[in-house]
Amino acid sequence: MKVLAAMSGGVDSAVAAARAVDAGHEVVGVHLALSRTPGTLRTGARGCCTIEDSMDAQRAANIIGIPYYVWDFSTRFKEDVVDDFIAEYAAGRTPNPCMRCNERIKFAALLEKALALGFDAVATGHYASIELDEHGNRELHRASDWAKDQSYVLGVLTAEQLAHSMFPLGATPSKAEVRAEAAARGFSVAAKPDSHDICFIPDGDTRGWLADRVGSEQGAILDRSGERIGTHEGALAFTIGQRKGLNVGYPTDDGQPRFVLEIRPKTNEVVVGPREALAVEELAGTTFSWTGIPPVDPSTPFDCEVQVRAHADPVPAMAWVGRAPLNPDATDCAAPSRDELVIVPNQPIIGLSPGQTAVLYVGTRVLGQCTVERTVSAAPVEQAALAR
Amino acid sequence: MTVAIYLDHAATTPMLPEVIAAYTSALSVVGNPSSIHSQGQNAKRMLEEAREQVAASVGADPVEVTFTSGGTEAINLAVKGLYWARNSGSSLSRPRILVARTEHHATIDSVEWLAAHEGAIIDWIPVDPLGRISLAALDAALSSSPDVAFVTVLWANNEVGTIQPVAEIVALASAHGVPVHCDAVSAYGYLPIDFHASGLAAMSISAHKIGGPVGAGALVISRAATVTPLIHGGNQQRARSGTQDAAGAVAFGAAAGVAVARLADTAAPHLRTLRDRLIAGVLAAVPSAVLRGDPVDRLPGNAHFTFPGCEGDSLLFLLDAAGFSVSTGSACQAGVPEASHVLLAMGLPEAEARGALRVTLGHATTQAEVDAFVAALPGAVEQARSAGYADRLTILGR
């Protein structure tokens, strides 16, 4: 096959490209230029998009002996990932930009361009496995090293995207093995630090970066009954489940700590309450997809596990596709509606923000995902109020 | 794969065999040209003979040739050195620089650095859609501003090949007593250059564009002009310190001799014939292609096109895989391909500017190579067009 290896300049994608060559494929390395202004050469790189990363990727391609190019996706990346990230936060949701990048850039903009230019597949350094079912259909599975497993951030891939994806690191027992292999292959990036955080926020200060772009204004901190109990310096500075920095008085009336339960960007309000109010017993979203072959009858509740963060533990759950009114406030059952993926975990999930992605698993297989739009609290406000 | 067909002579052109011979022979000679002993004097003799060859190749006196590490250093020395020399008093009497946005980045980044750090004021002189500088705008700027440090202009544009009216530019500037620097890096060896007749204050040239080695260039500085040095030390040259590279100069001199001899003889007419064959072939094979730059007054080896609906890097990838070395013509700044600042300055919308391809011919190019390129191009354009622009909306993942 003709394979395009997406090379970030990190150790994983370098080894993935080399393994694709070893497997007999005709491989070309491509580094994605995702920022128009990568600034000056930055050493001790974290994240991606620096000149140093591009040079590291090129040196690895040289050693592997494959052609190497830099392709510009900065416009698409800005619109589909960076601007989306800002807009989602501004709307009070918590997006995952890495998933958006996989969905819209690596396995969409890049893959489409690769297919048009004569490639058969895009290979990346993600830790995930592709396996075939008994009919030969492609399935996405967790990597054999669960500690490094990245199947969560690939949960957005559709069957069509999966059909042209290749993850040569999926069966690797551990990251240490990949580093050892990189060193044996003579890659200068063998000991390069892992990238963390969000690549387009180089100093890691997500809140400050957002505040610069969305602005921050003082607003009210409310309790669950709507009573004002404090003042904040900007609603975006908070995350659901946050405990510290609320300044709502200590000790509280009931002696229990308060947690951020809800962020309301439109009114610039932050709602706080007791820890049990963070528990979610149902979550749902109308933007969902199946990773490969969908369930035979998705409208019939099926057993699965749900994972709501890249490194969260999966929770046993029931899920099904139901109907949700287009207008969430509609009470008329004849109102226009659309499909909605509903997930009911066997035990409540603590701390879940709209905008997060819930990925469904059956065993090691990734079944599908949805962006969380609504949650049902395990501790409704009436009970909480009574308890108080 | 067979050896790739090299059609990127504007990036660098193969070293000539006689230059390699002269270079390697000179590399084995020991002696610092500044040493007083006989071996030093021998190195000095080689160096100065080379300086004479380079000076002769551009119609300048040897004392006017300051060797540099290449074209970029020569341009930096000219731009910053002229600026400082023209503002040598305690106040900035002449902070204004007149320059077009189609200049090479060595110039643009240097003048922008002067603006950011040294109080320079930049007057961007517009160019027409073919990339020719507006003489009327230049004249107006010179007439309305008594505080101009200098004018700097490309002899011929390195991307689109358009030749600038250097004589007219110098005439306008001279009428106001303003010196002119010319970046002749891409014109050198391809167009006749007579430095004394040009009336230029300074002119930058580079060896590796004419079959010499990379790492050797020169700033030709008129006896009448002053530039403040960038590099201080042993005062080995008029405008530059540092031990002189005798072997590099010998190779540069050898290349200069060959390039100018060929230019007068057959090189330029031969290149023009091949270039016109390539342009006609491309426009016939890909009717949507647009020739950029001046169709007549252009570098003899330069053909530059845009292909609507294509991303330049897609085309470059496909042609590279097919065995053709060409360029998108845009400076790959910081490793990030961007739409060419030259095409944008010529008024092209960004999308059109992204589909650029520069094909440059040189001393080794054959008609068979040109014909092979023209034959391979339509398929590559068709496939690149199916990939579209990188900023289009995707179908997958939505």
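## The hairpin of E8 and E9 in chain A

In this predicted model, strands E8(A) and E9(A) form a hairpin in which five residues lie between the two strands. Within the turn, Gly226(A) has a positive phi of about 95 degrees. Strand E8 covers residues 219-222 of chain A and strand E9 covers residues 228-232. The two pair in the antiparallel sense, and four bridges connect them.

Gly219(A) is placed opposite His232(A) in E9(A), while Ala220(A) has Thr231(A) of E9(A) as its bridge partner. E8(A) also pairs with strand E11 of chain A, residues 269-273; here the strands run parallel and two bridges join them. In that pairing, Leu222(A) stands opposite Val271(A) of E11(A).

## Overall form of chain A

The secondary structure of chain A consists of eight helices and 20 strands. Its C-alpha atoms fill a box of roughly 70 × 50 × 35 Å along the principal axes. The radius of gyration of chain A is 22 Å, which agrees with the value near 21 Å that a compact globule of 388 residues would have.

Of the 388 residues of chain A, 44% count as buried. Among contacts in chain A between residues at least 6 apart in sequence, 64% join residues at least 24 apart.

## Domains of chain A

Chain A is divided into domain 1 (2-185), domain 2 (216-273) and domain 3 (278-380). The C-alpha centres of domain 1 and domain 2 of chain A are 39 Å apart. Five residues from domain 1 of chain A and six residues from domain 2 of chain A take part in the contact between them. On the side of domain 1 of chain A that touches domain 2, three residues are nonpolar and two are polar, with no charged residues.

## Confidence in chain A

The mean pLDDT of chain A is 88, and 93% of its residues reach 70 or more. In residues 39-48 of chain A, however, the pLDDT is below 50; this stretch has 21 contacts in the model beyond near neighbours in sequence. Residues 383-388 of chain A also have a pLDDT below 50, with eight contacts in the model beyond near neighbours in sequence.

## The side of chain B that touches chain A

In the contact between the chains, 18 residues of chain B meet 25 residues of chain A. Two elements of chain B give two or more residues to this side: helix H10 (312-321) and helix H13 (367-387). H10(B) gives the most, with four residues. By class, the residues on the side of chain B that touches chain A comprise nine nonpolar, six polar and three charged.

## The setting of Glu103 in chain B

Glu103(B) is located in the loop between strand E3 (96-99) and helix H4 (105-117) of chain B. Glu103(B) counts as buried because 26 C-beta neighbours lie inside 10 Å, whereas the cut-off for a buried residue is 20 or more.

Leaving aside neighbours within four places in sequence, Glu103(B) is in contact with Ile108(B), Thr152(B), Leu154(B) and Asp183(B). The C-alpha atoms of Glu103(B) and Val180(B) are separated by 14 Å, and these two residues are 77 apart along the chain.

Conventions:
Residues are numbered from 1 along each chain as its sequence is written. Chains are lettered from A and ligands numbered from 1 in the order in which they are written. This is a predicted model: local features need pLDDT of at least 70, side-chain atom pairs count only at pLDDT 80 or more; totals for chains, interfaces and linings use all residues. Two residues are in contact if their C-beta atoms, placed from the backbone, lie within 7 Å. Ala, Val, Leu, Ile, Met, Phe, Trp, Tyr, Cys and Pro count as nonpolar, Asp, Glu, Lys and Arg as charged, and the others, Gly among them, as polar. The radius of gyration is taken over C-alpha atoms; the globule rule is 2.2 Å times the number of residues to the power 0.38. A residue is buried if 20 or more other C-beta atoms lie within 10 Å of its own, exposed if 12 or fewer, and partly exposed in between; C-beta atoms are placed from the backbone. Two strands pair if DSSP finds at least two bridges between them. pLDDT is the predictor's confidence in each residue, from 0 to 100. Domain bounds come from an automatic or database domain assignment.
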